[in-house]
Amino acid sequence: MVPKPPSSTLERQARRFLESHRGRRAIRAAPPAGRAAERILKPLARRFGVGVERLVEHWPEIVGARLAEWCLPEAISNSGGNRVLVIRARGPAAAVLQAESRRILERVRLFAGERSPTRLRVLQGVTRAPLPAASKTTPPPSASQVSERVEESLEARLLSALDRFGNSVKSRNGTDL
(Lines give C-alpha, C1' and ligand atoms only; values in the text may rest on other atoms or scores of the structure.)
Protein backbone atom coordinates (compact mmCIF):
# COMPACT_ATOMS: atom_id res chain seq x y z
CA MET A 1 0.00 0.00 0.00
CA VAL A 2 1.02 3.52 -0.73
CA PRO A 3 1.26 5.70 2.32
CA LYS A 4 -1.36 8.47 2.40
CA PRO A 5 0.09 12.02 2.38
CA PRO A 6 -0.95 14.41 5.14
CA SER A 7 -4.27 16.24 4.58
CA SER A 8 -2.65 19.64 4.18
CA THR A 9 -0.56 18.32 1.27
CA LEU A 10 -3.66 16.80 -0.33
CA GLU A 11 -5.51 20.08 -0.04
CA ARG A 12 -2.63 21.98 -1.66
CA GLN A 13 -2.44 19.51 -4.52
CA ALA A 14 -6.20 19.69 -5.02
CA ARG A 15 -6.11 23.50 -5.02
CA ARG A 16 -3.30 23.54 -7.60
CA PHE A 17 -5.11 21.03 -9.79
CA LEU A 18 -8.37 23.03 -9.66
CA GLU A 19 -6.57 26.30 -10.46
CA SER A 20 -4.85 24.80 -13.49
CA HIS A 21 -7.93 22.91 -14.75
CA ARG A 22 -10.65 25.38 -13.88
CA GLY A 23 -13.31 25.87 -16.53
CA ARG A 24 -14.19 29.16 -18.16
CA ARG A 25 -16.03 31.78 -16.19
CA ALA A 26 -19.77 31.93 -16.49
CA ILE A 27 -21.00 33.99 -19.44
CA ARG A 28 -22.36 37.38 -18.55
CA ALA A 29 -26.08 37.88 -19.18
CA ALA A 30 -27.04 39.51 -22.46
CA PRO A 31 -27.79 43.22 -22.28
CA PRO A 32 -31.43 44.25 -22.64
CA ALA A 33 -32.53 44.22 -26.29
CA GLY A 34 -34.17 47.63 -25.93
CA ARG A 35 -30.85 49.25 -25.10
CA ALA A 36 -29.16 47.69 -28.13
CA ALA A 37 -32.06 48.65 -30.42
CA GLU A 38 -32.04 52.20 -29.07
CA ARG A 39 -28.36 52.60 -29.98
CA ILE A 40 -29.21 51.68 -33.56
CA LEU A 41 -32.57 53.41 -33.95
CA LYS A 42 -31.79 56.77 -32.33
CA PRO A 43 -29.24 57.86 -34.94
CA LEU A 44 -31.51 56.59 -37.71
CA ALA A 45 -34.46 58.57 -36.33
CA ARG A 46 -32.31 61.71 -36.21
CA ARG A 47 -31.14 61.14 -39.75
CA PHE A 48 -34.39 60.05 -41.42
CA GLY A 49 -37.06 61.51 -39.14
CA VAL A 50 -40.17 59.99 -37.59
CA GLY A 51 -41.68 56.86 -39.11
CA VAL A 52 -45.25 56.30 -40.24
CA GLU A 53 -45.97 53.88 -37.40
CA ARG A 54 -45.28 56.58 -34.85
CA LEU A 55 -47.49 59.04 -36.75
CA VAL A 56 -50.33 56.49 -36.87
CA GLU A 57 -49.93 55.89 -33.15
CA HIS A 58 -50.35 59.60 -32.33
CA TRP A 59 -52.52 60.65 -35.30
CA PRO A 60 -55.60 61.81 -33.31
CA GLU A 61 -53.35 63.98 -31.12
CA ILE A 62 -51.61 65.46 -34.16
CA VAL A 63 -54.53 66.37 -36.42
CA GLY A 64 -57.43 66.29 -33.98
CA ALA A 65 -60.23 63.78 -33.44
CA ARG A 66 -62.44 65.05 -36.29
CA LEU A 67 -59.80 64.71 -39.00
CA ALA A 68 -58.42 61.48 -37.54
CA GLU A 69 -61.81 59.82 -38.13
CA TRP A 70 -61.49 60.51 -41.85
CA CYS A 71 -57.88 59.62 -42.62
CA LEU A 72 -54.69 57.84 -41.65
CA PRO A 73 -51.06 58.34 -42.71
CA GLU A 74 -49.92 55.62 -45.05
CA ALA A 75 -46.32 56.37 -46.01
CA ILE A 76 -43.56 58.94 -46.04
CA SER A 77 -41.71 59.10 -49.34
CA ASN A 78 -38.96 61.20 -50.85
CA SER A 79 -39.87 62.95 -54.07
CA GLY A 80 -37.49 65.40 -55.70
CA GLY A 81 -35.72 66.23 -52.46
CA ASN A 82 -39.02 66.78 -50.60
CA ARG A 83 -40.41 64.47 -47.96
CA VAL A 84 -44.04 63.70 -48.83
CA LEU A 85 -46.58 62.45 -46.30
CA VAL A 86 -49.09 60.18 -48.04
CA ILE A 87 -52.51 60.12 -46.37
CA ARG A 88 -55.40 57.84 -47.31
CA ALA A 89 -58.77 59.52 -46.79
CA ARG A 90 -62.31 58.24 -46.95
CA GLY A 91 -64.09 59.46 -50.09
CA PRO A 92 -64.98 63.14 -50.20
CA ALA A 93 -63.04 63.88 -47.01
CA ALA A 94 -59.97 64.17 -49.25
CA ALA A 95 -61.10 67.65 -50.35
CA VAL A 96 -61.36 68.80 -46.73
CA LEU A 97 -57.94 67.34 -45.94
CA GLN A 98 -56.42 69.04 -48.96
CA ALA A 99 -57.84 72.34 -47.74
CA GLU A 100 -56.40 71.68 -44.25
CA SER A 101 -53.03 70.50 -45.62
CA ARG A 102 -51.06 73.51 -44.37
CA ARG A 103 -52.35 73.04 -40.81
CA ILE A 104 -51.77 69.27 -40.95
CA LEU A 105 -48.17 69.72 -42.12
CA GLU A 106 -47.59 72.34 -39.42
CA ARG A 107 -48.79 69.99 -36.70
CA VAL A 108 -46.81 67.07 -38.10
CA ARG A 109 -43.71 69.32 -38.09
CA LEU A 110 -44.33 70.15 -34.42
CA PHE A 111 -44.57 66.45 -33.63
CA ALA A 112 -41.77 65.11 -35.85
CA GLY A 113 -39.21 67.90 -35.72
CA GLU A 114 -36.97 69.22 -38.45
CA ARG A 115 -36.96 66.04 -40.59
CA SER A 116 -40.73 66.14 -41.03
CA PRO A 117 -42.57 65.95 -44.37
CA THR A 118 -42.88 69.20 -46.32
CA ARG A 119 -45.63 68.15 -48.72
CA LEU A 120 -48.91 66.30 -48.36
CA ARG A 121 -50.45 63.84 -50.82
CA VAL A 122 -54.04 62.79 -50.19
CA LEU A 123 -55.34 59.55 -51.69
CA GLN A 124 -59.00 58.60 -51.72
CA GLY A 125 -59.96 55.13 -50.59
CA VAL A 126 -60.81 52.97 -47.66
CA THR A 127 -58.69 53.60 -44.57
CA ARG A 128 -57.60 50.76 -42.39
CA ALA A 129 -59.08 50.88 -38.92
CA PRO A 130 -56.90 52.75 -36.40
CA LEU A 131 -55.71 50.95 -33.30
CA PRO A 132 -58.33 51.16 -30.56
CA ALA A 133 -57.31 53.41 -27.70
CA ALA A 134 -57.82 51.58 -24.43
CA SER A 135 -58.08 54.73 -22.34
CA LYS A 136 -60.64 56.45 -24.56
CA THR A 137 -63.39 53.84 -24.43
CA THR A 138 -66.74 55.22 -23.37
CA PRO A 139 -69.33 53.16 -21.57
CA PRO A 140 -72.62 52.53 -23.35
CA PRO A 141 -75.31 55.15 -22.65
CA SER A 142 -77.61 54.49 -19.74
CA ALA A 143 -81.36 54.09 -20.12
CA SER A 144 -81.96 57.62 -18.84
CA GLN A 145 -79.57 59.07 -21.42
CA VAL A 146 -81.31 57.18 -24.20
CA SER A 147 -84.75 58.27 -22.99
CA GLU A 148 -83.55 61.89 -22.85
CA ARG A 149 -82.56 61.71 -26.49
CA VAL A 150 -85.90 60.20 -27.47
CA GLU A 151 -88.00 62.74 -25.60
CA GLU A 152 -88.73 65.71 -27.79
CA SER A 153 -90.93 68.01 -25.72
CA LEU A 154 -89.36 70.37 -23.23
CA GLU A 155 -91.70 69.26 -20.41
CA ALA A 156 -90.87 65.57 -20.93
CA ARG A 157 -87.15 66.33 -20.84
CA LEU A 158 -87.56 68.39 -17.65
CA LEU A 159 -89.51 65.59 -15.93
CA SER A 160 -86.87 63.08 -17.04
CA ALA A 161 -84.07 65.27 -15.64
CA LEU A 162 -85.89 65.68 -12.33
CA ASP A 163 -86.43 61.92 -12.18
CA ARG A 164 -82.72 61.27 -12.74
CA PHE A 165 -81.83 63.85 -10.09
CA GLY A 166 -84.15 62.18 -7.59
CA ASN A 167 -82.68 58.76 -8.34
CA SER A 168 -79.12 60.02 -7.84
CA VAL A 169 -80.07 61.60 -4.48
CA LYS A 170 -81.70 58.32 -3.41
CA SER A 171 -78.68 56.27 -4.38
CA ARG A 172 -76.31 58.69 -2.62
CA ASN A 173 -78.25 58.69 0.65
CA GLY A 174 -79.38 55.09 0.38
CA THR A 175 -82.93 56.06 1.42
CA ASP A 176 -86.31 56.23 -0.27
CA LEU A 177 -87.91 59.66 -0.59
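## Pocket definition and model

A pocket is an open set of points on a 1 Å grid over the protein atoms alone, where a 1.4 Å probe fits, with protein on both sides within 12 Å along at least five of seven lines. Lining residues have an atom within 4 Å of a point, and a volume is the space filled by probe spheres set on the points, which are joined across faces, edges and corners.

This is a predicted model, in which local features need pLDDT of at least 70 and side-chain atom pairs count only at pLDDT 80 or more, while totals for chains, interfaces and linings use all residues. Residues are numbered from 1 along each chain as its sequence is written, and side-chain values use heavy atoms, with hydrogens and water left out.

## Second largest pocket

The volume of the second largest pocket is about 240 Å³. Its lining has 14 residues, of which Ala45, Arg46, Gly49, Val50 and Arg54 are the closest to the centre.

Helices are DSSP runs of H or I with at least four residues, and strands are runs of E with at least two, numbered from the N terminus. Both α2 (33-48) and α7 (101-112) supply at least two lining residues; α2 gives the most, with 5.

Strands pair if DSSP finds at least two bridges between them. Three strands form an open sheet of mixed pairing in the order β1-β2-β3. Its edge strands are β1 (71-79) and β3 (119-124), each pairing on one side only.

β2 (residues 82-89) pairs with β3 in the parallel sense over 6 bridges. Ile87 has Val122 in β3 as its bridge partner.
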